[in-house]
Amino acid sequence: MKQLPWMSLGALALAVAGVTPAIAQQKSVAVTAIVEHPALDSVRDGVQAALKEAGFEAGKNLKWQYQSAQGNTGTAAQIARKFVGDKPDAIVAIATPSAQAVIASTKTVPVVFSAVTDPVAAKLVKNWEPSHNNVTGVSDLLALDKQMDLVKQVVPGAKRVGVVYNPGEANSVVVVKQLQALLPKLGMTLVEAAAPRSVDVSSAARSLIGKVDVIYTSTDNNVVSAYEALVKVGQEAKIPLVASDTDSVKRGAIAAFGINYRDLGEQTGRMVARILKGEKPGDIKPEVSTKMELFVNPGAAEKQGVKLSDALIKSAAQVVQ
């Protein structure tokens, strides 16, 4: 009987030995986005799916938290400070404003940005090489010449391209500057309309009526958040809308040759998993999503006054009905 306490301690030691590895494996990831809209939500869901695939599952061996800044840069800064204070194993910052807020808040917690058009112009990293600090990530940079090829296929005679954008969003400013340089070479002109807030998107779009042949939408977060307002103007004024993200085609754009944001999220998640397994973010080169898909919406085309060619429809990865 005297052996029982010793046996109990042994059993306890075995129990602790069994528990300790599980505790050691517990990881934490904090995710934030500047706003909630289908493209950015797809990134978030893709990150979580890729982490699960890599063996990190929320509620089991992964503490997962998510917060949206609801389009407010002040809120984005507050979320960034909170997350940094929580000291997670990695912070995933979705879209440029959230990434800028998080990176301004920490030089030590690993940060993985996603859905950022130009991380160099946004001053998230110095160049496209490994940063040798706490930052890496995945960009949704698009080749704008291919975007304008699609515009010409949707509206063959288009000369005046309208763009609605937030002048305060770094990624949108980059796209506008690139279009200013590119369009004259294609015999086209750019007509800009500013929408500093989501509520400004409708009036900005209306200001383009009579001035443009087509409206091209980048991944500007104000615009994508209020895309239905843009679609309403496009239908009423018969101005075709061509998007850069495929999710917007489901919401009323005519076409998009763009990134699948779920895939972008999974690519980001695989990068986060590498960090959770011990790699340093500063040793991981920033990546660009390369998987492009063409989505078309013939019904939206009809409502906006154009007819898509059979060849364009047949070449699409998805035809939205």
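I began with threonine 73 and looked up its neighbours: leaving aside residues up to four places away in sequence, threonine 73 touches Ile34 and Pro97, where contact means heavy atoms within 4.5 Å. Threonine 73 is found in helix H3, residues 73–86, and I take helices (H or I, at least four residues) and strands (E, at least two) as DSSP runs numbered from the N terminus. Threonine 73 counts as exposed because its relative accessibility is 56%, the classes being buried under 20% relative accessible area, exposed over 50% and partly exposed in between, with a 1.4 Å probe and protein chains only. I also looked up a distance from this residue: the C-alpha atoms of threonine 73 and valine 272, 199 residues apart along the chain, are separated by 24 Å.

I note that this is a predicted model, in which local features need pLDDT of at least 70 and side-chain atom pairs count only at pLDDT 80 or more, while totals for chains, interfaces and linings use all residues. Residues are numbered from 1 along each chain as its sequence is written, and side-chain values use heavy atoms, with hydrogens and water left out.

Next I looked at backbone angles. Most residues other than glycine have a negative phi. Glutamine 70, which is not a glycine, has a positive phi of about 55°, and its place is in the loop between strand S2 (62–68) and H3. Alanine 95, also not a glycine, has a positive phi of about 85° and lies in the loop between strand S3 (90–94) and H4. Are these two residues buried or exposed? Glutamine 70 is exposed, with a relative accessible area of 56%, whereas alanine 95 is buried, with a relative accessible area of 1%.

I then turned to the domains, whose bounds come from an automatic or database domain assignment. The assignment gives domain 1 as 27–141 + 260–290 and domain 2 as 144–259 + 293–319. The contact between them takes 21 residues from domain 1 and 16 residues from domain 2, and the C-alpha centres of the two domains lie 27 Å apart.

How much area do domain 1 and domain 2 bury between them? I find about 1,400 Å², 61% of it on carbon and sulfur atoms, buried area being the accessible area (1.4 Å probe) that two parts lose on being put together, summed over both. On the side of domain 1 that touches domain 2, the elements that give two or more residues are helix H2 (38–53), helix H4 (96–105) and helix H11 (261–276). H2 supplies the largest share of that side, four residues. The count of salt bridges between domain 1 and domain 2 is zero, a salt bridge being a side-chain nitrogen of Lys or Arg within 4 Å of a carboxyl oxygen of Asp or Glu.

In H11 I looked up glutamine 267, which counts as buried because its relative accessibility is 14%. Not counting residues up to four places away in sequence, glutamine 267 touches Val138, Glu287, Val288 and Ser289.

Last, I noted values for the whole chain, which has 13 helices and 13 strands. Its C-alpha trace spans about 95 × 35 × 35 Å along the principal axes, and buried residues make up 52% of its 321 residues.
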